[in-house]
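User: I would like to learn how to read the domains, ligand shells and helix packing of a model. Can we go through them one at a time?

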Amino acid sequence: MRLSALLGGHGLAGADPVVTGLAIDHRKVAPGTIFGAFVGEKFNGEDYIAAAIEAGAIAIVARPEAKVAGAVHIADANPRRAFAHIAARFFHRFPATCVAVTGTNGKTSTVEMTRQLWRMAGFHAASIGTLGITTSNDSASTGLTTPDIVTFLSNMSGLAAEGVTHAAFEASSHGLDQYRTEGLKVKAAAFTNLSHDHLDYHGTMDAYLAAKMRLFREVLEPGGTAVIWNDDMWSPAAEYEAKQRGVRIMTVGTSGEDLRLIAREPTQLGQSLTIAAGPLAQKVTLPLIGAYQAANALVAAGLVIATGGDTGQTLANLARLQPVRGRLERAAITRVGAPVYIDYAHTPDAIEAALDALRPHASGRLILVFGAGGDRDKDKRPEMGRVAAARADVLIITDDNPRGENPAAIRAAIAAGAPSARIIGDRRAAIAAAIAEARGDDIVCIAGKGHEQGQIVGRGDATRVIPFDDVAVAREEAA
Ligand SMILES: CC(=O)N[C@H]1[C@@H](OP(=O)(O)OP(=O)(O)OC[C@H]2O[C@@H](n3ccc(=O)[nH]c3=O)[C@H](O)[C@@H]2O)O[C@H](CO)[C@@H](O)[C@@H]1O[C@H](C)C(=O)N[C@@H](C)C(=O)N[C@H](CCC(=O)O)C(=O)O
Ligand SMILES: Nc1ncnc2c1ncn2[C@@H]1O[C@H](COP(=O)(O)OP(=O)(O)OP(=O)(O)O)[C@@H](O)[C@H]1O
Ligand SMILES: N[C@H](CCC[C@H](N)C(=O)O)C(=O)O
Ligand SMILES: [Mg+2]
């Protein structure tokens, strides 16, 4: 493909070289590559322009003030956006039906449930998010919730080449802010909720909301549909954005207009939901516990319906949803009979949601093992402690990816909100202590790592990932 064909509005004077690929990291540049040089949090990509050209880059997408010699300078005040649009023209072939999910919690669950519902409807479907790239017979990790733009679009294009026609992806606030998911026609976009997280990056809740709202303001296609979980404090803000944009709006929830959750009753292995869609009310058995999983299932159904799924059939298919890995996953039963659940709760709101989901199933106590990630939002730590102390009966604070921080300081910051908690830094020892503590009528919840396969310690080049799997450790300690 010639460079001129990829440039859209950007003019090209002089030679029109053949483009072989795109890169945002100079170490991935090969002859014929377009290099995107972005000013980041840790590095300035512009410092690597000369090295990229040396390695064969034929064009550089960078701010107008960047120094480019020996390659075409595609100058743009917003180089991430300009690069994304060029990348979209390069990778051009995508699944015909793409939908995106944003929100603080519930993105992974919702994209995974959407993928399953599409599969049940007979489509070749995929999801991209925290669990990686998932199809019905394969799964590959990308390391981030919303991968970088080159990884994202090249994988979307690869999925289309494999015959995937339906794809659901997670749009994280970092991803939206950094234009990591541009260039596809997004037919429907969902909002799950907004609560305290990532303020280290965004600074304020308003800035955090604004990053997420880009999904409705710019990423969703003009004729698309916004599917909004209506029971969140921030739902009106999402609805406002969608109205401003003039897209179709579908609201979902106990106060939802399009899919209204009329009743929800816990059963032994799940819950029974009564859902009104227009004049029709339908009762379905969801084989998953907790209000939060019902919420995510409804938003997923909304996305499927918004992109052409039959309402009655889609709702009926909720009864066949498989659990999402690491989200209230029952890993083991202890020797005295207490169930041990693994959950990915790593925000105050998620801890509340996970404990509320488990409470109706515990005739005894709720025992919680949890921590908070290092080099991430520090203000959420005492909040997590407070919410946990208010809702669990026994608390054990432990390590969860300390990264470059002192783990003891992270634990102490959580304990500031939960003074009665026990502190056991070693995660295996903490899980073992919780299991030893549990009586037959108690429930143990191990929160924060879900599906993760390692404990991340250290920073930069000294980063190590020590293999650790909550599910496996819980099974070993419960045996
Ligand atoms: C804060 C953040 O989001 N950082 C991500 C972002 O970094 P950045 O743009 O600030 O880049 P930088 O590292 O400062 O470097 C600037 C530029 O120079 C380039 N560079 C850098 C060094 C070099 O030798 N050569 C070179 O070309 C880089 O590729 C980059 O383009 O882009 C990088 C390249 O894609 C990511 O690796 C990096 O993720 C870091 C590792 C990270 O931890 N991100 C987390 C916070 C994150 O993104 N999380 C979200 C949300 C999760 C959730 O849902 O809760 C996610 O979507 O996963
Ligand atoms: N709709 C919801 N409302 C409140 N809490 C939720 C909801 N969905 C999930 N949670 C909580 O958040 C945790 C993470 O869920 P999930 O992985 O689906 O969210 P996510 O938005 O993808 O998270 P991340 O930002 O880390 O990618 C769950 O384990 C649960 O504790
Ligand atoms: N996508 C989230 C995952 C957090 C998971 C938790 N285990 C942690 O490390 O804080 C983040 O990068 O903030
Ligand atoms: Mg996720």
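Predicted model: local features only at pLDDT ≥ 70, side-chain atom pairs only at ≥ 80, totals over all residues.

User: Which domains does the assignment give?

Analyst: Domain bounds come from an automatic or database domain assignment. For this protein, that assignment gives domain 1 (3-90), domain 2 (93-320) and domain 3 (329-478). The centres of domain 1 and domain 2, taken over C-alpha atoms, are separated by 32 Å.

User: How many residues of domain 1 and domain 2 are in contact?

Analyst: Two residues are in contact if their C-beta atoms, placed from the backbone, lie within 7 Å. By that rule, 10 residues of domain 1 meet nine residues of domain 2. On the domain 1 side, β1 (21-23) and α3 (79-91) each supply at least two residues; α3 has the largest share, seven residues. Helices (H or I, at least four residues) and strands (E, at least two) are DSSP runs, numbered from the N terminus.

User: What is the make-up of that side of domain 1 by class?

Analyst: Ala, Val, Leu, Ile, Met, Phe, Trp, Tyr, Cys and Pro count as nonpolar, Asp, Glu, Lys and Arg as charged, and the others, Gly among them, as polar. The side of domain 1 that touches domain 2 has seven nonpolar, one polar and two charged residues.

User: Turning to the ligands, which residues are closest to ligand 1, and where does ligand 1 lie?

Analyst: A residue is near a molecule or strand if its C-beta atom, placed from the backbone, lies within 6 Å of it. Ligand 1 is surrounded by 20 residues, the closest being G40, G45, T145, D148 and S172. Six of the shell residues are nonpolar, nine polar and five charged. Ligand 1 lies between domain 1 and domain 2, because both give residues to its shell.

User: Which domains and elements supply the shell around ligand 2?

Analyst: Domain 2 and domain 3 each give at least three residues to the shell around ligand 2. There are 23 residues around ligand 2, with G106, T108, S109, A345 and A353 the closest. Two or more residues come from each of α4, α10 and α12 (348-358), and α12 gives the largest share, four residues. The shell divides into seven nonpolar, 11 polar and five charged residues.

User: What is around ligand 3?

Analyst: The residues around ligand 3 are T145, H346, G373, R376, D400, N401, G448, K449 and E452. This shell has no nonpolar, five polar and four charged residues.

User: At what angle do α4 and α10 pack?

Analyst: Axes are lines fitted to C-alpha atoms, for helices over the stretch in contact, and angles run from 0 to 180 degrees between N-to-C directions. Helix α4 (residues 107-120) and helix α10 (residues 291-306) pack at about 50°, with axes 8 Å apart. Angles under 35 degrees count as roughly parallel, over 145 as roughly antiparallel, 65 to 115 as roughly perpendicular and the rest as oblique. The pair α4 and α10 is therefore oblique. Residues in this contact include M113 and L117 of α4 and A300 and L303 of α10. The contact has nine nonpolar, five polar and no charged residues.

User: Which hand is the crossing of α4 and α10?

Analyst: A crossing is left-handed if the near helix is turned anticlockwise from the far one by less than a right angle, and right-handed if clockwise. α4 passes α10 in a right-handed crossing.

User: How are α10 and α12 arranged?

Analyst: Their axes are 7 Å apart at an angle of about 110°, so α10 and α12 are roughly perpendicular to each other. A291, Y292 and Q293 of α10 meet A353, D356 and A357 of α12.

Note on methods. Residues numbered from 1 in each chain as written. Chains lettered and ligands numbered in written order.
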